[in-house]
Amino acid sequence: MNSTPRILAAMLLGATANAGLAFAAGTHPVTGEALAENQVFTYRVLDEHSSVDPQIVEDVSGSDVVRDLFEGLMNQDAQGRLVPGTATGYTVSDDKLTYTFSLRDDAKWSNGDPVVAGDFVYAWKRAVSPALASPYSWFMELMSIKNAARIIAGDVPVDELGVSAPDDRTLVVRLSQPLPYFPQMVTHATTFPVNPAVVAAHGADWTKPENIVSNGAYVLTEHIPNERSVRERNPMYWDAENVLLEKTVALVINDENTALTRWLAGELDRTEVPAGQFPRLRKEHPGEAISFPRLCNYYYTFNLSESGPEAFKDVRVRKALALAVDRRIITENILAGGQIEAFTFTPAATANFEVPDVEIASMSQAERDASAKLLLAEAGYGPDNPLKFEMIYNTSESHKRIAVAMSQMWKQKLGVETTLANMEWKTFLEARANQDFELARGAWCGDYNEASTFLDLLTSPSGYNDGKYSNTMVDELMTEAKTANDTQAIYTKVEQVIAEEAPIIPIYHYAGVYMLDSDVGGWPINNIEQNWYSKDLYKIAE
Amino acid sequence: MTAYIMRRILVAVPTLVILIVLCFFLMQVAPGGPFTSERPLPPQVLANIEARYGLDQPLWKQMWDYLAGIVTRFDFGPSFAYRDRDVNDIIAQGFPVTLTYGLISFVIATLAGMGVGVVAAIRHNTWLDYIAVGATFSAQALPNFVMAPILVIVFTWQLGWLPGGGWNGGQWQYLVMPVIALSTSYVASITRITRSSMLETLNSSFIRTARAKGLPEHKVIWRHAMKPAMLPVVSYLGPTFVAMITGSVVIDVYFSTGGIGRAYVDSALNRDYAVMLGVTILYGGLTVLFNLLVDVAYAWLDPKIRY
């Protein structure tokens, strides 16, 4: 009998025994906390995820799953800083147009195949291929990868994409223009590798639990659409020995309040707090109701296009309306979950961004109201000639409460008459995209942690600029920011122009408001993008 | 009778085709499309996606390809919102779930509703009748979207007896609350209809005749009153059965059962055309089938009806 299998078996046994010892000891290797017997994390998701195919996934809850199943070149740590993932690091050329990533040699797929640079090349070409038609192909264009835009447009074959693998451990990426935040972008799901053989063998069915092969810390073991998906520790993961959590379960629970009841019943470790309930829950469950800033904003946008009302073309009217909104009432009385009053478009929590001084922020609400009255009177509106317009928002209880509060503030302080109209989501989006509105709700969550992900929205060429605000200075400054070394001065200037011209009314910056069981360790509260990895979580013994 | 059934089946085919065509064009009229999103896709990306799904073809061609796919391959098309699955997958996963809890709820609602209704009618104006009527009204005043969260609060949080949601392959613990929430208001309706129909029957002349003959009361009720009293109940049960086995979005939402009701509503919100059409065809087909069954049951119950 050949002795190799026996030696292997002995090694395997030894390894298992070691792992067993580590768990029997039952303490976290870094923090020293006693670990729970049952290392399972269960959390609530609002909706069924769109896909777990890295190149296709487009929603937040799907990306959370994909981040566990697949590992990209780089990961984020609990603070949101870049740490090595499948790549151990990268170098950048002097012209900042070529990035070279070195891949670790012990990275494996869950079927035992080694992860090679060619898998990334395959995945990235897949992301831009018109045949796959990924709804997130634009992300590769945003990353400024050479030829991405032309491939998506069908002008150039997929093989021309600026990415190559000179050997199995080296990935070279060529950009069409320098992009200071490029390395941050490779933590995004679209850039994660896939196993070419598995995708080829199963086609669209490759992501089903029985077929899927992944290279992350977890593998998908169960997926029942609209009910649950389960991912379990991947023993083939290169750092598997440091992964404490055995299993992560995502339960689809559409109703927030039912989810909260199930959290109270101990069925869930994490759920969202419904608007307005945070103060009560914080009192009743100290330490388990948590709130932290998110990389998202909430605003109203004026329609400044030709189809928009004449009144909004007058900057005094826009400023008056922006001034008269008492944001504190909205953040403290309506939402009450630690949301932050907003006077700028970019959230303060954004990396390398300091909220600039804008006049409106330093005034008291009484001063703002007085100034608003003056401005509106100057613009020719008053009791005899009241300003009238319609504001639209998508159907939701909290959007409605905010809209009602705003319209009341305007009515009481300025005598403005507003009509509120709520719309079903897609109808709302269609109306907004076609400038078929006067004042519309908007919200934006950053695609990456840098101010341009927000401020680009207010440039003329942006496809997301539904209010059609156009200012050459803003456009030029934002173009300059793409390659500038010091961006703070530029972003300050842009925010000041926006505060002065008020094409939008910033209302608040989001907070993540969760009920999180006190036995969950390692939750990255300080990762503003909330890019969390199950491999960094653990359950503490109660 | 056989000829009648054949005729009805033949009429069902054009009915379904009209339903599909109507639904197909109504969906196109609704604002927004499957790929309308908060982050509007760049035109090139959108063009690629539309080409992939044939949405760049003229409408009549899309309609034709869709029907041809159903007839030739029994393929109801892809899901735009969930690219890992197609319509057949979604129905195959969701329909059995809904069928299970719907069927159980239907049997419970029918047995309980008819039983209570008959008893209330026989014991007309006694305390039994008053309790039945009182309970019926309360149950109808408590819609399932109010009842579902209350059940979760009581049985999951306070008592800790039942899981607050999920399906788990249809294990009984996961079925209890969905079945209670779904069947309660139907029990009430069936009770009400059975009671009033039974009362009316018991007051009719042929019952008086039967009693005058000296037949014992249980024979009068079972032999003579039951069948005619069931006519309005049966006509109510046909569409009710379809409604129950095709699911309730409320049950799916509150108990995360993964049933087809939720998938149907989601498909409308997502403008997931093929899923919406597929489930509509399923619902339509079931409705046609059960209306036919009800008509056949009528002939059996009422000797005056002949086809």
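**Chains A and B in contact**

Biologist: How many residues does each chain give to the contact?

Modeller: In this predicted model, chain B gives 41 residues and chain A gives 39 residues. On the side of chain B that touches chain A, H2, helix H6 (144–158), helix H10 (249–255) and helix H11 (260–270) each supply at least two residues. That side of chain B divides into 19 nonpolar, 14 polar and 8 charged residues.

Biologist: Which residues of helix H2 (residues 43–53) of chain B are buried?

Modeller: Val45(B), Asn48(B) and Ile49(B) are buried. The word is used when 20 or more other C-beta atoms lie within 10 Å of a residue's own.

Biologist: What puts them on the same side of H2(B)?

Modeller: The arc they cover around the axis is only 95 degrees, so they are on the same side of H2(B). In general, an α-helix has 3.6 residues a turn, so residues three or four places apart point the same way.

Biologist: What covers the buried residues of H2(B)?

Modeller: The cover includes helix H4 (137–142) and helix H5 (148–152) of chain A. After H2(B) comes Gly54(B), with a positive phi near 70 degrees.

Conventions
Residues numbered from 1 in each chain as written. Chains lettered and ligands numbered in written order. Predicted model: local features only at pLDDT ≥ 70, side-chain atom pairs only at ≥ 80, totals over all residues. Buried ≥ 20, exposed ≤ 12 C-beta atoms within 10 Å, placed from the backbone. Helix = DSSP H or I, 4+ residues; strand = E, 2+ residues; numbered from the N terminus. Arc of directions from axis to C-beta. Contact = placed C-beta atoms within 7 Å. Nonpolar A, V, L, I, M, F, W, Y, C, P; charged D, E, K, R; others polar.
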